[in-house]
Amino acid sequence: MISNQNISVVIPSIGTRDLTPAIKSLNSSSIKIDEIIVSVPYDIEIELFQNFSNIIVHKSKYKGQVAQRIEGFKIAKNKFIVQMDDDIILEKNCLEIMRDFIKKNHNIAVSAHFHDVISKKSIYSKVNNRIFSNFFFLSALNYFNNKIKMGNNINLNGDISISGFETYPNFQDHKKPFVSGWIPGGCVMHLKKNLILYNFFPFQGKAYCEDLFHSIALKNNNIKLYYHTKAKAFLDIDNIKSNFKMFIGHLRADFKIRQKLVEQNNLSKSRMFLVYLIKLFSYLFK
């Protein structure tokens, strides 16, 4: 019989990244990870991780981060479920901290506190932060937030503004876990009963803004969204500022999906366009 304290981790992947660092960090955790479900598209061949008895490779009938993850959610067997991206490396006690917190707060989802894998600094630091991240698309709004009004629905702990863009919390203001208006999808722990099991993100390719769509779906189910300041995870933030072609490609792909987010949630298209102009001008002239 599986203990209700055990954890399932679901990692969607398209098979192009070496998952070994992520898997090793999971299996070096301070608590046992009962199963790690790697969900890949049906036509992808992936190493079976024969050295790890807790790996399950699931061949998804879909291609897409969110759809693959949901299929993994559906077969996960434990009470505590972690969604994790394939480029995340966890600090040893990260999942134990998250589990102990969620055990006391059942109607929540909790995100890890992300740090740059090279500098080891919080990616939410407002000091010497590299903007235009490939992963979170860290917003130039941090530079302009005193110059324009993005709307009166902003939560200083992080939120989705009426422009449809995310704002980021300042972790220096927090010593304990705190509620946010949205949380990134790189490493989030849920209770199984709270999972979103329908495809809220019907887009192909890179999943721009999917964590915003997911955050809204969770909040619509009365799930509070937390960051845990002490649950550390690491990722490599790509700096695309020096490559204009790459920057424009990201901006174009991001626009297509974010426009749908704005339409679905009755947000402001005019403010959304303004932010894209700010991003472009900040790239060219900052």
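# Close-up views of a predicted model

View 1. Ser39 has its place in strand S2. The model shown here and in the other views is predicted. Ser39 counts as buried because its relative accessibility is 0%, under the 20% cut-off. Leaving out residues up to four places away in sequence, Ser39 touches Ile11, Pro12, Ser13, His58, Ser60 and Gln68.

View 2. Helix H2 spans residues 65–75 and is mostly covered, with 8 of its 11 residues buried.

**View 3. The salt bridge between Arg69 and Glu210.** The side chains of Arg69 and Glu210 meet in a salt bridge, with an N to O distance of 3.0 Å. Arg69 lies in helix H2 and Glu210 in helix H5, so this pair ties together parts that are 141 residues apart in sequence. Both Arg69 and Glu210 are buried.

**View 4. The salt bridge between Arg17 and Asp86.** A salt bridge joins the side chains of Arg17 and Asp86 at 2.8 Å, N to O. Arg17 lies in the loop between S1 and helix H1 (20–27), and Asp86 in the loop between S4 and strand S5 (89–90), so the pair ties together parts that are 69 residues apart in sequence. Are the two residues buried or partly exposed? Arg17 counts as partly exposed, at 43% relative accessibility, whereas Asp86 counts as buried, at 14%. A search of the whole structure finds 8 salt bridges.

View 5. Arg258 forms a salt bridge with Glu166, and their closest N and O atoms are 2.9 Å apart. This pair links distant parts of the chain, with Arg258 in helix H6 (residues 244–264) and Glu166 in strand S8 (residues 166–167), 92 residues apart. Arg258 and Glu166 are both buried. Which residues are linked in a network of salt bridges? The network is made of Glu166, Asp254 and Arg258. The charged end of Arg258 also sits over the ring of Phe165, 3.9 Å from the ring centre.

**View 6. An aromatic cluster, and a lysine over a ring.** One aromatic cluster is formed by Tyr124, Tyr168, Phe171, Phe178, Trp182 and Tyr227. In the whole structure, a search finds 14 aromatic pairs. A separate detail is Lys120, which lies over the face of Phe234 at 5.0 Å from the ring centre.

**View 7. Asn170 in its loop.** Asn170 is found in the loop between S8 and strand S9 (178–180). Its relative accessible area is 13%, so Asn170 is buried under the 20% cut-off. The C-alpha atoms of Asn170 and Gly158 are separated by 8.2 Å, and the two residues are 12 residues apart along the chain.

**View 8. A nonpolar surface patch with residues of helix H7.** Phe244, Leu277, Phe281, Leu284 and Phe285 make a nonpolar surface patch of about 530 Å². Helix H7 (residues 269–285) gives the largest share of the patch, 4 residues. Phe281 is in helix H7. Phe281 is partly exposed, because its relative accessible area of 45% falls between the 20% and 50% cut-offs.

**View 9. The whole protein, for orientation.** The protein has 7 helices and 11 strands. Of its 286 residues, 55% count as buried. Among contacts with a separation of 6 or more, 72% are between residues 24 or more positions apart. The accessible surface of the protein comes to about 13,600 Å², and 51% of this surface belongs to carbon and sulfur atoms.

Notes:
Residues are numbered from 1 along each chain as its sequence is written. This is a predicted model: local features need pLDDT of at least 70, side-chain atom pairs count only at pLDDT 80 or more; totals for chains, interfaces and linings use all residues. Side-chain values use heavy atoms; hydrogens and water are left out. Rings of Phe, Tyr and Trp (its six-membered ring) pair if their centres lie within 6.5 Å; planes under 30 degrees apart count as stacked, over 60 as edge-to-face and the rest as tilted. A charge sits over a ring if NZ of Lys or CZ of Arg is within 6 Å of the ring centre and within 35 degrees of the ring normal. Buried means under 20% relative accessible area, exposed over 50%, partly exposed in between (1.4 Å probe, protein chains only). Helices (H or I, at least four residues) and strands (E, at least two) are DSSP runs, numbered from the N terminus. Patches are made of residues with over 30% relative accessible area and no salt bridge: like charges are joined within 9 Å, nonpolar side chains (Val, Leu, Ile, Met, Phe, Trp, Tyr) within 5 Å. Accessible areas come from the Shrake-Rupley method with a 1.4 Å probe; for residues, only the protein chains shown count as cover. A salt bridge is a side-chain nitrogen of Lys or Arg within 4 Å of a carboxyl oxygen of Asp or Glu. Contact means heavy atoms within 4.5 Å.
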